[in-house]
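Please keep the sequence and the three-dimensional view at hand while reading.

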Amino acid sequence: MRPRAFRPRSLRAILAIFVALFLIALIAVRAANYTIAHNALEHEVDRRLAGEAATIAGLDGDLTAMVARIDAAQGNHDTADLYYLLTDNSGRRLAGTLRPHRPLPTGYSNFGEEAQVDGVAHGRALVRSVAGAGTLVVVSDNDEVVAFDRLLANTQLIGLGVTALIVIGGAMGIALAIGGRMRAMQRTVDAVIAGDLHSRVPLDGTRSEFDRQAAAFNRMLDRIDELMVNVKHAARDVTHELKSPLARLRGQIAAMARHAEGNPLQGEIDDALAQTDQLLDLFSSLLRLWEIEGGHRRERFAPVDLAALAEEVAQSLQVVAEDAGRSLIIGAIPATTIRGDINLLRQLLVNLVENAIRHAPPGSRIDLALERSAHAVRMIVADDGPGIPADRHEAVIRRFGRLEAPDKPDGQGLGLTLVDAIARLHHGTLTLGDAGPGLRAVVELPLEHRAAS
């Protein structure tokens with residue numbers, strides 16, 4: 001298996017890699033500049049030492065002549081920063097003011113105070129033999145060269161630091177600018193997902209690339225909103241058009257049922273009446289779902305005592321659960337108040353409990369409880385029935401989603417869909433899990449809602 005290539009996954013990672021590579025290149029360039037300048041200075045000093053040594057040695061290699069040249073050079077102001085030492089083969093000093101406390105190596109060498117050369121703190125020396133008759137040492141006092149070298153190094157470091165600050169500051173500015181735009185777009189996307197199809201990405205009027213992208217994104221949302229409105233209106237119109245004749249049909253069938261006692265067709269009439277009631281309930285649920293998904297119910301939000309609401313729903317449905325052969329147990333319900341639509345939140349809890357009553361077998365236990373954290377409250381309804389396979393959780397939340405099983409009771413397939421829509425209207429989530437055994441439905445709602453757009 002081929003290893004996956006590393007790819008930065010976020011804006012911060014991309015900018016961090018860019019800054020790191022830029023700084024590495026910058027350090028390399030600064031180091032190269034310093035090295036080139038340092039080597040050029042050292043080469044110039046070496047060239048001067050070699051020329052001076054050649055002048056002192058001359059062409060004849062006469063030690064007496066070299067002594068005279070050294071004496072003359074030491075009195076010349078142009079060579080005041082040069083020091084000389086001429087010794088014979090036995091090591092006896094013949095000329096020069098240089099007095100090293102230890103021998104210097106042959107060839108070129110740098111030294112500092114540790115070399116204990118009188119009068120020189122930092123220098124460069126050239127040691128060479130002259131005509132086989134002795135040794136010539138020429139030393140250059142490099143204090144000014146060393147000072148310039150340090151100034152050059154400090155300049156490079158300061159330049160590196162200033163450039164690094166500029167690059168890092170620029171990267172942070174880019175991250176803030178792009179990140180702000182991305183967060184604004186993310187907030188709009190979250191609002192649209194929550195049902196606010198009128199939310200749009202703010203424009204700043206600069207006609208920049210970001211502004212044009214935001215405008216294009218808003219045009220896309222306008223088109224989606226237009227299509228959704230057309231679909232909802234068409235579906236709502238169809239529903240309204242069908243609901244009235246269905247209501248009249250239901251009335252006629254109910255009248256027939258009242259007069260069909262003892263009639264062989266009574267069973268079929270009762271079945272037709274039940275199916276008509278199911279259709280009317282379906283249309284009512286669809287109308288309610290479209291109203292919730294439109295997000296307009298947020299205008300009715302008010303403080304809701306969720307603990308009192310949960311106890312009310314539990315007490316009202318305990319009798320229903322007992323009649324169906326199930327037991328509804330009220331668990332911990334801490335005092336909690338949120339902003340929301342009390343009627344929709346009541347329907348949310350009723351749908352969850354009725355879903356458990358309908359699908360859990362007789363003798364099952366159903367638990368209703370609230371859990372509160374610092375930022376959210378969780379409404380939990382769990383049963384010890386057969387549950388739902390994990391790979392089918394998303395399917396049963398979808399509109400008209402039902403498990404295809406012969407022992408499952410009839411239903412519209414909208415109960416959990418309505419619960420999910422109500423949760424999203426309140427900026428919350430519906431999560432299905434395993435109660436071990438059974439199904440555990442958790443609706444998590446934030447305690448602080450974002451302001452509706």
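How many residues apart in helix 1 are F18 and F22, and about how many helical turns separate them? The two lie 4 residues apart in helix 1 (residues 11-57), so about one helical turn separates them. The model under discussion is predicted.

## The aromatic pair

The structure holds 1 aromatic pair. F18 and F22 form this pair, and their rings are tilted, with a distance of 6.1 Å centre to centre and an angle of 40 degrees between the planes. The arrangement counts as tilted because planes under 30 degrees apart would be stacked and those over 60 would be edge-to-face.

F18 is partly exposed, at 47% relative accessibility. F22 is also partly exposed, its relative accessible area being 33%.

## Helix 1

Helix 1 consists of 47 residues. From its first C-alpha to its last, helix 1 reaches 68 Å, which is close to the 69 Å expected at 1.5 Å a residue. After helix 1 comes G58, a residue with a positive phi near 65 degrees.

Among the buried residues of helix 1 are L15, V19, L23 and L26, together with V45, L49, A53, I56 and A57.

An open sheet is built from 5 strands in the order 2-1-5-4-3, with antiparallel pairing. Its edges are strand 2 (93-95) and strand 3 (107-111), each of which pairs on one side only. From one strand to the next, the twist averages 25 degrees.

Strand 4 (residues 123-130) and strand 5 (residues 134-141) run antiparallel and are joined by 8 bridges. R128 has L136 in strand 5 as its bridge partner. Helix 1 lies across strand 1 (82-88), strand 3, strand 4 and strand 5, and runs at about 35 degrees to strand 4.

## Strands 10, 11 and 12

Strand 12 pairs with strand 10 in the antiparallel sense over 7 bridges. In this pairing, I380 has V442 of strand 12 as its bridge partner. Strand 12 also runs antiparallel to strand 11 (residues 429-434), to which 6 bridges join it. Here L432 stands opposite A441 in strand 12.

Strand 11 and strand 12 form a hairpin with 4 residues between them. In the turn of this hairpin, G436 has a positive phi of about 60 degrees. Strand 12 is mostly covered, since 6 of its 8 residues are buried.

## Salt bridges

The whole structure contains 13 salt bridges. One of the contacts joins the side chains of D88 and R92, with an N to O distance of 3.3 Å. Is each of these two residues buried, partly exposed or exposed? D88 counts as buried at 14% relative accessibility, whereas R92 counts as exposed at 53%. E42, D46 and R124 are linked in a network of salt bridges.

Another salt bridge brings together the side chains of R181 and D211, at 3.8 Å from N to O. R181 lies in helix 3 (residues 143-193) and D211 in helix 4 (residues 209-258), so this pair ties together parts that are 30 residues apart in sequence. R181 is partly exposed, at 21% relative accessibility, while D211 is buried, with a relative accessible area of 4%. The cut-off matters for this description: buried means under 20% relative accessible area.

A further salt bridge links R378 with E444, whose closest N and O atoms are 3.9 Å apart. Because R378 lies in strand 10 (residues 376-383) and E444 in strand 12 (residues 439-446), the pair ties together parts that are 66 residues apart in sequence. R378 is partly exposed, with a relative accessible area of 22%, and E444 is partly exposed at 33% relative accessibility. Strand 10 and strand 12 are therefore linked by this side-chain contact as well as by their 7 antiparallel bridges.

Terms used
Residues are numbered from 1 along each chain as its sequence is written. This is a predicted model: local features need pLDDT of at least 70, side-chain atom pairs count only at pLDDT 80 or more; totals for chains, interfaces and linings use all residues. Side-chain values use heavy atoms; hydrogens and water are left out. Rings of Phe, Tyr and Trp (its six-membered ring) pair if their centres lie within 6.5 Å; planes under 30 degrees apart count as stacked, over 60 as edge-to-face and the rest as tilted. Buried means under 20% relative accessible area, exposed over 50%, partly exposed in between (1.4 Å probe, protein chains only). A salt bridge is a side-chain nitrogen of Lys or Arg within 4 Å of a carboxyl oxygen of Asp or Glu. Two strands pair if DSSP finds at least two bridges between them. Axes are lines fitted to C-alpha atoms, for helices over the stretch in contact, and angles run from 0 to 180 degrees between N-to-C directions. Contact means heavy atoms within 4.5 Å. The expected span of a helix is 1.5 Å times one less than its number of residues.
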